[in-house]
Amino acid sequence: MEVGKTGLWTAAIGALLILIDGIVVLATGNFYGWHYAGATATGWIEVIISILIWISLAWYKSHPAAVGWTIVILSLITMPFDGGFWTIGAWIALIGGVLIAYRK
């Protein structure tokens, strides 16, 4: 499997974890770890950013480098809103974005 497709699936899994975290935060009103916003803002920001990552994956074949760097930037934006264990979703998406951006 080529590096770009591995990055695509890695970014998709990371975005899914970010989405799950956002839904859990919105449903429970609780979050753990450090955050830059309250529970409602954190949940909605995570949901919106994960959806933006999923939307950007649709352009993988036509603009892979742009998709990769978009995912990297969105992952870096969501990191301050993740906390504790759930930061892993942002890190996984970040790794996937780098793999897509530097694919050969």
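## About the model

This is a predicted model, in which local features need pLDDT of at least 70 and side-chain atom pairs count only at pLDDT 80 or more, while totals for chains, interfaces and linings use all residues. Residues are numbered from 1 along each chain as its sequence is written, and side-chain values use heavy atoms, with hydrogens and water left out.

## The aromatic pair

A pair of aromatic rings is described by the distance of the centres and the angle of the planes. Here the rings belong to Trp69 and Tyr102: their centres are 5.5 Å apart and their planes stand at 80°, so the pair is edge-to-face. For Phe, Tyr and Trp (its six-membered ring), rings pair if their centres lie within 6.5 Å, with planes under 30 degrees apart counted as stacked, over 60 as edge-to-face and the rest as tilted.

The pair links distant parts of the chain, 33 residues apart: Trp69 sits in helix 3 (residues 64-78) and Tyr102 in the segment after helix 4. Helices here are DSSP runs (H or I, at least four residues), numbered from the N terminus. Trp69 is partly exposed at 38% relative accessibility, whereas Tyr102 is exposed at 55%. The cut-offs are under 20% relative accessible area for buried and over 50% for exposed, with partly exposed in between (1.4 Å probe, protein chains only).

## Helix 1 with helix 4

Helix 1 (residues 3-28) packs against helix 4 (residues 87-101) at an angle of about 160°, with the axes 7 Å apart. That makes helix 1 roughly antiparallel to helix 4. Axes are lines fitted to C-alpha atoms, for helices over the stretch in contact, and angles run from 0 to 180 degrees between N-to-C directions; those under 35 degrees count as roughly parallel, over 145 as roughly antiparallel, 65 to 115 as roughly perpendicular and the rest as oblique.

Contact means heavy atoms within 4.5 Å. Among the residues making this one are Gly4, Gly7, Ala11 and Gly14 of helix 1 and Gly89, Ala93, Gly96 and Gly97 of helix 4. By class, the residues of the contact divide into 12 nonpolar, 8 polar and no charged. Ala, Val, Leu, Ile, Met, Phe, Trp, Tyr, Cys and Pro count as nonpolar, Asp, Glu, Lys and Arg as charged, and the others, Gly among them, as polar. Lys5 is also found in helix 1 and is partly exposed, with a relative accessible area of 38%. Its C-alpha atom is separated by 7.4 Å from that of Ile100, 95 residues apart along the chain.

## Helix 2 and its partners

The axes of helix 1 and helix 2 come within 8 Å and cross at roughly 155°. Helix 1 is thus roughly antiparallel to helix 2. Their contact includes Asp21 of helix 1 along with Trp44, Glu46 and Trp54 of helix 2, and it has 14 nonpolar, 4 polar and 2 charged residues.

Helix 2 (residues 39-56) also packs with helix 3, at an angle of about 170° and with axes 10 Å apart. This pair, too, is roughly antiparallel. Glu46, Ile49, Leu52, Ile53 and Ser56 in helix 2 meet residues of helix 3 including Val67, Ile71 and Leu74. The contact of helix 2 with helix 3 divides into 7 nonpolar, 4 polar and 1 charged.

## A loop proline

Pro80 lies in the loop between helix 3 and helix 4. Pro80 counts as buried, at 18% relative accessibility.

How values were computed: Helices (H or I, at least four residues) and strands (E, at least two) are DSSP runs, numbered from the N terminus.
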